Amino acid sequence: MKVLLAGALLTVVFLAVLSYEFYVEPRRMELAEAQVKANSIEFGAEIYQTGCAQCHGPQGQGGIGTAVGDPVWLALYDDDYIRRAIAGGRGQWQGSPMVAWGEELGGSLRRDEVEDLVHFIRNWQIPPCTSPGAGLPDCYSTPEDLAPYVVARNLPRYSDEQLARFGLQPLKSPVPRTWDSVLRGQALFQSCTSCHGPQGLGDGPAAAALPIRVANLRSEYVQQRVPDGEIYYLIKNGFWHGIMPAWGFLESQSPTAIWDLTNYIKSWGIPEDQIPGSPAAQALLGQAAGGS
Ligand code: HEC
Ligand code: HEC
């Protein structure tokens, strides 16, 4: 009898321990994991504010760099993409200020620090809704819900298909890059030479007194990597809190003004005979006509 009782008691104790293991331990693990994740986000925030915010914006709203806090951008790119961009940088695009931060590539960040940054940036994402009745700003029901959150600076970087998924329109120039447009842009560029210099090299007389370096608009980076839509957006809205002033008012004088400026700046990266209506293109046409 005693033995039976002891056996029963043991079973009860055993079951209690087992149920503790089954029900309490996973919960404890969950909490611990959540705590580790919260700490990681916090570490990531510290690194971000000291090393990344000056280019990507304190709220991820973008600046010289992509708006990495934009929920549409976050919905399009996975952790691995973000990890690679941080650790590997964008050095393959010559002249990009986005250097490789990973220590494997000579950067200053350990692997776990890159991971903390990924967690921190991901924390800005608005996730899809999973329970009925839930909605913005906690989660989105249809991709179109996110459209109002997109940072306009990111728009030119998305492909047409990506934009369509979020009910967005691409930022495309309505003004063809003709010689007429280039000449109109050249006249308007007189307003820009004090900082950007007569050739757009960033060496205007007012440049030295500014707290940041003025962009060289003839650089390979601006000519090859920055899409027209982004150049348009930056001229129209300015950036670096107004150090690069906003020129949106020009559109009230001429609706094509900012695209004309964009066409003029981008004309530096292409041979003149490829610009319709240019003297070089006319001469080519004349040669073709004369030769036949
Ligand atoms: C000196 C400015 C600068 C600093 C500092 C900087 N970045 Fe960038 N970053 C850029 C630019 C510019 C790009 C866009 C590169 C391109 O498209 O050519 C970029 C791209 C990125 C991208 C990929 C975005 C995309 O559209 O593919 C991520 C992610 C990123 N940066 C994260 C970071 C993090 C995290 C830090 C801090 C450790 C950081 N950056 C520091 C300028 C900077
Ligand atoms: C008060 C000085 C100033 C004036 C005037 C000015 N800019 Fe800028 N501009 C800047 C600075 C500073 C930057 C930022 C440099 C950087 O971060 O790359 C900049 C950046 C730009 C860029 C972005 C280049 C890039 O990195 O993608 C464009 C395009 C541009 N300016 C065009 C213009 C045009 C067109 C005008 C005239 C309508 C103009 N700017 C007038 C100071 C000026």
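Me: Starting with Ile86: which residues is it in contact with, leaving aside neighbours within four places in sequence?
Reply: Ile86 is in contact with Trp101, Val114 and Leu117. Keep in mind that this is a predicted model.

Me: Where does Ile86 lie?
Reply: In helix α4.

Me: Is Ile86 buried or exposed, and why?
Reply: Ile86 is buried, because 24 other C-beta atoms lie within 10 Å. The cut-off for a buried residue is 20 or more.

Me: Which residues of α4 are buried?
Reply: Ala85, Ile86 and Ala87. Helix α5 is among the things that cover them.

Me: How far apart are Ile86 and Gly102?
Reply: In sequence, 16 residues. In space, their C-alpha atoms are 7.0 Å apart.

Me: What comes just after α4?
Reply: Gly89, with a positive phi of about 65°. Most residues other than glycine have a negative phi.

Me: Back to the packing. Which residues touch the most other members of the largest nonpolar core?
Reply: Trp73, Ile86, Trp101, Val114, Leu117 and Ile121. The core has 19 residues. Helices α3 (71–76), α4 and α5 (111–122) each give two or more residues to this core.

Me: Which element gives the largest share of this core?
Reply: Helix α5, with five residues.

Me: What about a second core?
Reply: There is a separate one of 16 residues. Its members include Leu234, Trp259, Ile265 and Ile275.

Me: Let's zoom out. How many helices and strands does the protein chain have?
Reply: It has 13 helices and zero strands.

Me: And what about its radius of gyration?
Reply: The protein chain has 28 Å. A compact globule of 292 residues would have a value near 19 Å. The C-alpha atoms fill a box of roughly 120 × 40 × 40 Å along the principal axes.

Me: How much of the protein chain is buried?
Reply: Buried residues make up 23% of the 292.

Me: What share of the contacts join residues at least 24 apart?
Reply: 53%, counted among contacts between residues at least 6 apart in sequence.

Me: How is the protein chain divided into domains?
Reply: Domain 1 covers 53–126 + 138–165. Domain 2 covers 179–286.

Me: How far apart do the C-alpha centres of domain 1 and domain 2 lie?
Reply: They lie 27 Å apart.

Me: How many residues are in contact between domain 1 and domain 2?
Reply: 10 residues of domain 1 are in contact with 10 of domain 2. On the domain 1 side, they divide into four nonpolar, four polar and two charged.

Me: On to the ligands. Which residues are closest to ligand 1?
Reply: Cys52, Cys55, Gly65, Thr66 and Met98. In total, 21 residues surround ligand 1. Helices α2 (53–56) and α4 (79–88) each give two or more residues to that shell.

Me: Now ligand 2. Which residues come nearest?
Reply: Cys192, Cys195, Ala215, Met244 and Leu261, out of 23 around ligand 2. The elements giving two or more residues to this shell are α8 (193–196) and α10 (228–237).

Me: How many nonpolar, polar and charged residues are in the shell around ligand 2?
Reply: There are 20 nonpolar, three polar and no charged residues.

Me: Last one. What kind of peptide bond joins Leu136 and Pro137?
Reply: A cis peptide bond, with omega about 0°. Most peptide bonds are trans.

Me: Where does Pro137 lie?
Reply: In the loop between α5 and α6 (160–165).

Notes: Residues are numbered from 1 along each chain as its sequence is written. Chains are lettered from A and ligands numbered from 1 in the order in which they are written. This is a predicted model: local features need pLDDT of at least 70, side-chain atom pairs count only at pLDDT 80 or more; totals for chains, interfaces and linings use all residues. A residue is near a molecule or strand if its C-beta atom, placed from the backbone, lies within 6 Å of it. Helices (H or I, at least four residues) and strands (E, at least two) are DSSP runs, numbered from the N terminus. Ala, Val, Leu, Ile, Met, Phe, Trp, Tyr, Cys and Pro count as nonpolar, Asp, Glu, Lys and Arg as charged, and the others, Gly among them, as polar. The radius of gyration is taken over C-alpha atoms; the globule rule is 2.2 Å times the number of residues to the power 0.38. A residue is buried if 20 or more other C-beta atoms lie within 10 Å of its own, exposed if 12 or fewer, and partly exposed in between; C-beta atoms are placed from the backbone. Two residues are in contact if their C-beta atoms, placed from the backbone, lie within 7 Å. Domain bounds come from an automatic or database domain assignment. A nonpolar core is a set of buried Ala, Val, Leu, Ile, Met, Phe, Trp, Tyr and Cys residues joined through C-beta atoms within 7 Å.
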